[in-house]
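Hi,

Here is the structure I promised to pass on.

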Amino acid sequence: MYRAPVRRVKLARARRYASADRPSGEPLGWRTATPGHRPYTADLVSQRPALGCLFEIVETLVLTLIIFLVIQNFVAQPYKVQQQSMEHTLEPEQYVLVDKLTPRFDTYKRGDIVVFTPPADWGEDGTPFIKRVIGEGGDTVEIRDDGFVYVDGVLLDEPYLYSDEPGGPPQPTNAPLDQSTWTIPEGELFLMGDHRSNSADSRTFGPVEVDHVIGRAWLRYWPIDTFGILQTPTYPDVSTAAP
């Protein structure tokens with residue numbers, strides 16, 4: 001019978017307690033927030049200033065440019081074949097990727113296809129040449145009357161040489177009239193094109209310093225139907241005969 005008045009008393013006391021302690025103007029229930037702090041109210045979301053967005057774009061572009069320059073100068077660089085001296089291994093208008101990184105840790109080897117800066121009298125507007133390494137430092141390269149190349153007296157097997165028709169005999173390699181034998185100094189390379197009758201190479205301008213070599217062509221990537229790694233042939237007989 002007395003429960004109703006008790007409830008009214010307790011409710012009245014709670015209201016008096018809340019009204020007495022809460023700051024003026026605060027709604028009932030303000031003590032549900034953290035003591036000493038007002039209830040959390042989310043601020044409006046502000047947009048980043050246009051100048052800040054522009055700075056981020058410029059920063060991204062500069063970083064991309066730096067990465068591109070580092071890769072192109074020290075790792076790999078694409079080149080377009082413009083000469084006929086490497087037919088049919090490489091045809092004009094094909095694109096190759098030149099490795100600049102691994103030659104810093106490993107020397108160029110016989111059979112490598114390399115891109116290099118030709119002697120001043122042979123370069124046209126600074127256009128690099130692309131040829132194959134035939135002789136390394138210390139080798140003796142000889143072109144004999146039979147039309148074949150010998151390294152340290154050993155016949156060089158060259159299945160990549162140009163032929164007039166698929167599967168036909170390769171064109172012979174001819175030496176200039178004034179010289180047919182070269183001893184390659186250390187730090188230099190003897191370079192020739194695969195299309196020997198249509199190549200200006202070390203037979204005419206002599207061995208090339210390794211410092212003038214830009215890098216090793218290792219991937220043909222365009223046109224897409226010619227995509228593939230450029231394999232380096234081996235010459236086991238020459239390797240065993242070399243001093």
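Which two side chains meet in a salt bridge at 2.8 Å, N to O? They are Asp-194 and Arg-132. By salt bridge I mean a side-chain nitrogen of Lys or Arg within 4 Å of a carboxyl oxygen of Asp or Glu.

Before going on, some housekeeping. This is a predicted model, in which local features need pLDDT of at least 70 and side-chain atom pairs count only at pLDDT 80 or more, while totals for chains, interfaces and linings use all residues. Residues are numbered from 1 along each chain as its sequence is written, and side-chain values use heavy atoms, with hydrogens and water left out.

Back to that pair. Asp-194 sits in the loop between β9 (188-192) and α3 (202-205), and Arg-132 belongs to strand β4 (residues 129-135), so the bridge links distant parts of the chain, 62 residues apart. The strand and helix labels are DSSP runs numbered from the N terminus: helices are H or I with at least four residues, strands are E with at least two. Asp-194 is buried at 1% relative accessibility, and Arg-132 is buried at 2%. Here buried means under 20% relative accessible area, exposed means over 50%, and partly exposed is in between (1.4 Å probe, protein chains only).

How many salt bridges does a search of the whole structure find? The search finds 10. Here are some of them:

- Glu-158 and Arg-196 meet at 2.5 Å, N to O. Glu-158 is in the loop between β7 (154-155) and β8 (181-183) and Arg-196 is in the loop between β9 and α3, so this pair ties together parts 38 residues apart in sequence. Glu-158 is buried, with a relative accessible area of 8%, and Arg-196 is buried too, at 4%.
- Lys-80 pairs with Glu-93, their closest N and O atoms being 2.9 Å apart. Lys-80 lies in strand β1 (residues 76-80) and Glu-93 in the loop between β1 and β2 (95-99), so parts 13 residues apart in sequence are tied together. Lys-80 is partly exposed, with a relative accessible area of 35%, and Glu-93 is partly exposed at 47%.

Now for β4, the strand that holds Arg-132. Is β4 largely enclosed or largely open? Seven of its seven residues are buried, so β4 is largely enclosed by the rest of the structure. Two strands count as paired if DSSP finds at least two bridges between them. Strand β3 (residues 113-116) pairs with β4 in the antiparallel sense over four bridges, and Phe-116 has Phe-129 in β4 as its bridge partner. β4 and β9 also run antiparallel, joined by three bridges, with Leu-191 in β9 as the bridge partner of Val-133.

Next, the nonpolar cores. A nonpolar core is a set of buried Ala, Val, Leu, Ile, Met, Phe, Trp, Tyr and Cys residues joined through side-chain atoms within 4.5 Å. The largest one has 15 residues, and those with the most contacts inside it include Ile-134, Phe-190 and Met-192. β5 (140-143), β6 (149-151) and β9 each supply at least two residues of this core. Another core lies apart from it, with 11 residues, among them Tyr-79, Val-81, Val-96 and Val-115. If you zoom in on Met-192, you will find that its contacts (heavy atoms within 4.5 Å) include Arg-132, Ile-134 and Val-149, not counting residues up to four places away in sequence.

Last, some backbone details. Most residues other than glycine have a negative phi, and most peptide bonds are trans. Here are some places to check against that:

- The peptide bond from Glu-87 to His-88 is cis, with omega near -5°, and His-88 is in the loop between β1 and β2.
- The peptide bond from Trp-222 to Pro-223 is cis as well, with omega near 0°. Pro-223 is in the loop between β11 (213-222) and β12 (228-229).
- Glu-93, the salt-bridge partner of Lys-80, has a positive phi near 80°.
- Asp-152 has a positive phi near 55°. Asp-152 is in the loop between β6 and β7 and is partly exposed, with a relative accessible area of 22%.

Cheers
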